[in-house]
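Subject: Structure handover and what turned up

Hi,

Here is the structure I promised to pass on. Please open it alongside this note; my findings follow.

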Amino acid sequence: MPDHSTDATADGESGASLWVWSLLGVFAACVPCALLVVEKFGSALSPVPLTLTILAALAGYVLAVRAVVKEKFTQPSTLTRILVWIAAAGLFLGSVATLFAFRPPPPPLPRISGVRDVAVVGFAGYNGHQDKRVLDDVAADFAHAMAGRIPAATAVRNYASEVSLPLADLKGPHRNRLERETAKFADETNAEFAVGGLVSTDPAGQSNLLPAIFVRADQVPDAPELAGWFLGAPLLITSGWESAQSRAQLNDNLTRLINPLAKFVDALDTWRTGSPAKAGEVFKGLLDTKQQDDTGGFVPPDLVRLFHGHAAEAEASGETGTKRQKLLEVARADYRAINKTSPTGRRAALSLQLNTYLLALGPKHDCMPGTVRPGDLAQVAQNLRALSGDPRFTELGRLKATVNLAQVESCRISAHLVRDDGRVERAVAAVTEASNITGSAELRAIAESIAAVRAAEKGDLVAATRHIQAAIEHGRDPFQRALWQGLRAGWSLRRCELRTGRTAQQDALTQLRAAQQAGRVSTQFLDEYKQVFKEERRQAEKHCGTAAKETAR
C-alpha cells in the first residue's frame, strides 16, 4: 500500500507555515496602523513615547514569534529557526519603515503677521531643577506684558508651549544646532526676533534667569555674522520659583526690560530699511550713561556697542575722505570696548578685523601699491584665518571670516605684498561651496564679487562679468549692488560693449539714488560717481571708435 504519511506531514507543515506567516504579518501590520491612527485623530507623538511604543511592540512581537515557533514547529532544525527569525525581523522592520514613511507631518506653527515680529520661545531649565509648566507660565506672562507695551507695528506671540528649542546650548561651547533650529523656526513663523533664556537654581534656592535674544539674518543683510543668539545680563530671583512674590518680582524685572528691547528692535528695523545713521542714533541713546541701569537683560551694553559700530561702518561706506575715516574710528572704539570674554567677544573680534582692514586702505580706499598699510593687512589676514577655523564660532561667523580673508588676501595681492598662489580662490570656494544656511546668500554674493575682481585683474573680463552678475543677483543692499553694477559697467565698456555698459551705469545710479534717499549715500558721493561714469564712457568711445558708437545706438 502507498505510504501517505510523508505527504500528510508535508501538507501539515505547509499549512502551519502559511498560518504562521499570516499571523506574524497581521501582528506586524498592527503596530504602524495603531500608531498612525493615534497620530491622525490625536496628536503627533514626540520621539521618546514613539520609541518606547516601538520597543514595547518589539518585545511583544519577539514573544509571539517564540510561541508560534515552539507550537507549530515541533522539532525545528537550526536552519528553519534562523529563517523564521530572519523573516519575522524583516516583517517587523518593514512595518516600522511603513510607520515613518506614512506618518503625517507635524502641523505648521502659526505665523506672525506684524512688521517687526517677536516670538517668545520660552525659558529652559539649565540644571533640571525647574518645573517646565512654571517656566511656560512665566513666558506667557512676559509675552502678554510685552504685547501691551511694545509699539503697535510690532507683533508678539508666545510659542513656549508649541516649540522646544535646545536652549540649554546657549551655555555650551557649540551652538550650531540651536542656531540652525532657531533660524528654521524664525523662517516658519516669520519672526524677526526670538526671545528666551536659561534658568538655573543653586542648592540654597536662589535662581538666575539668563535672558537671550535671537536676531534673524535678514535683519542685518550687510552683516549676517551678527545674526544668531546673544546672551544678556542675568536676573536674580532670591527665592524659589513657586513663590508668588518671586514670580511677581521676576515679572516686574522682565517688564522693565521691554522698553530697551523695543528700542533695539526699532533700531534694527530702521537699519534694515537702509538708514544706518538713524539706527545709530537709537543705539547711541541706549548706550547713554543715564540709561545704563535700564539697558540690560535682553540688550546688554556690549550687544548695543557691536550693532552701533556696524551701523557707523554702514554709514561710512557711503562717505568719502575725513568723514569716512571718522565714522570708521567710531566703530573701532565700539569694538575695542567689548571684552574678549564677553558673549559677543568673537563677533566683536571679527568686526575689529574688518575695521582694521578698511582703515588700512587709507583715505583713497583702494589697494594700489604704496597706498596701504602692509603690517596691518598681514596681521588682519592672520587673525581672520584663525577665526575662520574657530569651532566655537557660529557657522555664519566662520563664513564671514573666510569672506573677509578673501578680501584681505586679494588686496595684498593687488598691492604687490604677496604672490598670487591661489589663496583667494581657495577662500572663495570655501564660501560658495558651504552649506546653504540663513544669511549665507549675502556672503556668497560678496565672495562672487571678490572672484570677479580677481578675474578682472588677470584680464579675464568674461569671467569677471559672469561672477559680478552672480553677485548682483544674490545681493540685497542697494549701495553694494550699485558698486557691483559700476564694476560691470566698467568691464563692459572696456570690452567695447557700450550699450551694456551704459545700461549697467544707469542701474548703478538707480541703486545709488535709493541708497541716498535712505541716508546711506551723500550727494557728493553720488555726484562723484556720475563724473566717473561720464569719464569712463568718454574713454570707451575714444578707444572703441565709431563702430562701437553705432553698435551702441
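H5 covers residues 176–189, which makes 14 residues. From first C-alpha to last it reaches 20 Å, close to the 20 Å expected at 1.5 Å a residue.

**Disulfides**

The structure holds two disulfides. A disulfide is a covalent bond between the sulfur atoms of two cysteines.

One is formed by Cys-367 and Cys-411, with the sulfur atoms 2.1 Å apart. The link is left-handed, at -110 degrees about the S-S bond. Cys-367 sits in the loop between H11 and H12, and Cys-411 in helix H13, so this pair ties together parts that are 44 residues apart in sequence. Cys-367 is buried, with a relative accessible area of 17%. Cys-411 also counts as buried, at 1%.

The other joins Cys-496 to Cys-544, S to S 2.0 Å. The torsion about its S-S bond is about -90 degrees, so this disulfide is left-handed. Where are its two ends? Cys-496 lies in the loop between helix H17 (478–494) and helix H18 (498–517), while Cys-544 is in helix H19 (residues 523–544). The pair therefore ties together parts that are 48 residues apart in sequence. Cys-496 counts as partly exposed, at 28% relative accessibility. Cys-544 counts as buried, at 16%.

Number the bonded cysteines in sequence order and the pairing reads 1-2, 3-4.

Asp-302 is in helix H9 (residues 301–316). Is Asp-302 buried or exposed? Buried: its relative accessibility is 18%, and the cut-off for buried is under 20%. Arg-305 is partly exposed, with a relative accessible area of 23%.

The two side chains make a polar contact at 2.8 Å. The pair also counts as a salt bridge, with the closest N and O atoms 2.8 Å apart. Arg-305 and Asp-302 are three residues apart in helix H9, so about one helical turn separates them. An α-helix has 3.6 residues a turn, so residues three or four places apart point the same way.

Leave out residues up to four places away in sequence, and Asp-302 touches Ala-337, Ile-338, Asn-339, Ser-342 and Thr-344.

**Salt bridges around Glu-409**

A search of the whole structure finds 20 salt bridges. Which residues does the network around Glu-409 link? Arg-385, Glu-409, Arg-412, Asp-421 and Arg-423.

Take Glu-409 with Arg-412 first. Their closest N and O atoms are 3.0 Å apart. Both lie in helix H13, three residues apart, about one turn of the helix. Glu-409 is buried, and so is Arg-412.

Glu-409 also forms a salt bridge with Arg-423, the closest N and O atoms being 3.3 Å apart. That pair links distant parts of the chain: Arg-423 is in helix H14 (residues 423–432) and Glu-409 in helix H13, 14 residues apart. Arg-423 counts as partly exposed, at 21% relative accessibility. For Glu-409 the value is 1%, which counts as buried.

**Confidence**

The protein chain averages a pLDDT of 80, and 77% of the residues score at least 70. Confidence is highest in helix H12 (residues 374–388), at a mean of 94. Confidence is lowest in helix H20 (residues 546–552), at 47.

Two stretches to handle with care. Over residues 1–15, pLDDT stays under 50, and the model has zero contacts there beyond four places in sequence. Over residues 549–553, pLDDT also stays under 50, with seven such contacts. Where pLDDT is low, the predicted coordinates should not be read in detail.

Best wishes

Definitions and conventions. Residues are numbered from 1 along each chain as its sequence is written. Side-chain values use heavy atoms; hydrogens and water are left out. Helices (H or I, at least four residues) and strands (E, at least two) are DSSP runs, numbered from the N terminus. The expected span of a helix is 1.5 Å times one less than its number of residues. Buried means under 20% relative accessible area, exposed over 50%, partly exposed in between (1.4 Å probe, protein chains only). A polar contact is a pair of N or O atoms within 3.5 Å; within protein, one must be able to donate a hydrogen and the other to accept it, and residues adjacent in sequence count only if both atoms are side-chain atoms. Contact means heavy atoms within 4.5 Å. pLDDT is the predictor's confidence in each residue, from 0 to 100. A disulfide is a pair of cysteine sulfur atoms within 2.5 Å. A salt bridge is a side-chain nitrogen of Lys or Arg within 4 Å of a carboxyl oxygen of Asp or Glu.
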